[in-house]
Amino acid sequence: MTPEPKRDSNPVTNFRPNREDLAFSPSPRPPASSPPSKPSTRNLNEPKAKPIHTTTSRAGGKKWGKDVSRKDIIVVVALIVLVLVAAVVAFTIVAKKESDNNNSVVFASSQDKYDFIRESLKNSTFAAEMALPESVQEVNEVDAFALAAKWIVEDPLVTSEDAVLVRFALATIYYANGGSDWLRSTNWMSSEDVCEWEGVGCSVNIDAKVQELDLSNNNLTGTLSPALTLLQDLKILWLDKNDLTGPIRADIFASLPNLAILYLQENQLTGPIAQDFLATGNLYTLYLQGNQLTGAWPEKFCPICDEEGVCNGPFTNFGIDCQANPCPCCDPSKNCF
């Protein structure tokens, strides 16, 4: 006796029709009906039926301009934008490389590089102070500018004109302000890019301009060097808490068109507070307390306040020794030290 197949407990899936139940007889085919007659008139209020476009391209895709969805259009536009952005980035990189090549200088000798530095310094406001001997062989062991120039010409890795001058400026500051005794000088006077020198901050763009120099509390000695004026992109300068001496040299900082923040407090600087600080129009933070300055805080430096107490002026943040340097507009809790 053939065993009965196991059945599922589910009454629906357990259903198995008998072969006899599958037998069927064809139903009679209905007679063909005649096509409906065309209406003689159409209701004018009834909208016309819009034909459905089913045309496809040879590749089997949708017909452009009719069956393309909004999502497809957005995807195509996004791809076009990405291609354009990639093209712009590539063009920028190529242009930068070409610019670097154009600015590169192939020096036939150390003297040629030295002469380039000498000619560049002649255009400076402080040319007399930064004058160099005619020959690199005449460099002595005293002058910071000559020592920096000698170090630069012996560096074979520097070829860009801008890089030569910025490197020369920082090297001069190192020699002029006792760099060998600094507390922090990692990578200074090395073959590393100046943006890797400790305390040197550069912009993040392709050009990598030196925009910040932080040498605060670093045992700097000597006077303020006019070599700072070669750092034309400098925005923030920290020289506080050192042993810098001599006059405050506001004319140096007035020659830095982008300088906005300057910290000179707690040094041994002397002389009056010159109004040259206002020359650039960009400097708005200036701290001078803890020095040996003479004279009053210039009234032109005072902010102008309206009736509602909103103040605007050349300096929004500043500090001074109010007892030694009378200040007509200082807030004792904010500006006096």
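Which residue of E9 does Pro272 stand opposite? Pro272 stands opposite Thr294; the points below place this pair in its sheet and then turn to other parts of the structure.

1. Basis of the note. The model is predicted, with local features needing pLDDT of at least 70 and side-chain atom pairs counting only at pLDDT 80 or more, while totals for chains, interfaces and linings use all residues. Residues are numbered from 1 along each chain as its sequence is written, and side-chain values use heavy atoms, with hydrogens and water left out.

2. The open sheet. Strands E3, E5, E7 and E9 form an open sheet of four strands in the order E3-E5-E7-E9, with parallel pairing. The edge strands, each pairing on one side only, are E3 (221–223) and E9 (292–294). From one strand to the next the twist averages 15 degrees. Strands here are DSSP runs of E with at least two residues and helices are runs of H or I with at least four, both numbered from the N terminus. Two strands are taken as paired if DSSP finds at least two bridges between them.

3. E3 and E5 (residues 243–247) run parallel and are joined by three bridges; Gly222 has Leu244 of E5 as its bridge partner. Three bridges also join E5 to E7 (residues 268–272), again in parallel, and here Gly246 is partnered by Leu269 of E7. E7 and E9 pair in the parallel sense over three bridges, and this is where Pro272 faces Thr294.

4. E1 (200–202) is joined to E2 (residues 210–214) by three bridges, and the two run antiparallel. Gly201 stands opposite Glu212 in E2. E2 is also joined to E4 (residues 236–238) by three bridges, this time in parallel, with Leu237 of E4 as the bridge partner of Leu213.

5. Rolling a probe the size of a water molecule over the atoms shows where empty space is left. One cavity of 30 Å³ or more is counted, and the largest cavity holds about 50 Å³ of space. Its lining consists of Ile173, Asn177, Leu220, Thr223, Leu224, Ser225, Leu228, Leu239 and Leu244. By class this lining has six nonpolar, three polar and no charged residues. Leu244, one of the lining residues, is also the bridge partner of Gly222. On a 1 Å grid over the protein atoms alone, a cavity is a set of points where a 1.4 Å probe fits but cannot get out; a pocket is an open set with protein on both sides within 12 Å along at least five of seven lines; lining residues have an atom within 4 Å of a point. Points are joined across faces, edges and corners, and a volume is the space filled by probe spheres set on the points.

6. The second largest pocket. Its volume is about 170 Å³. The lining residues are Pro303, Cys311, Asn312, Gly313, Phe315, Thr316, Phe318, Cys329, Asp331, Lys334 and Asn335. They divide into five nonpolar, four polar and two charged. In these classes Ala, Val, Leu, Ile, Met, Phe, Trp, Tyr, Cys and Pro are nonpolar, Asp, Glu, Lys and Arg are charged, and the others, Gly among them, are polar.

7. Salt bridges. There are four salt bridges, each a side-chain nitrogen of Lys or Arg within 4 Å of a carboxyl oxygen of Asp or Glu. Lys122 and Glu119 meet at 3.1 Å, N to O; Glu119 is partly exposed because its relative accessibility is 44%. Glu198 and Arg184 form another, with the closest N and O atoms 3.9 Å apart. Both residues lie in the loop between helix H4 (161–176) and E1, so the pair ties together parts 14 residues apart in sequence. Arg249 and Asp251 also meet at 3.1 Å, N to O, and salt bridges with shared partners join Glu129, Arg249 and Asp251 into one network.

8. Burial. Arg249 is buried because its relative accessible area is 18%, whereas Asp251, at 27%, is partly exposed. Buried means under 20% relative accessible area, exposed over 50%, and partly exposed in between (1.4 Å probe, protein chains only). Phe301, in the loop between E9 and E10 (304–305), is buried at 0%.

Terms used: Axes fitted to C-alpha atoms, helices over the stretch in contact; angles between N-to-C directions.
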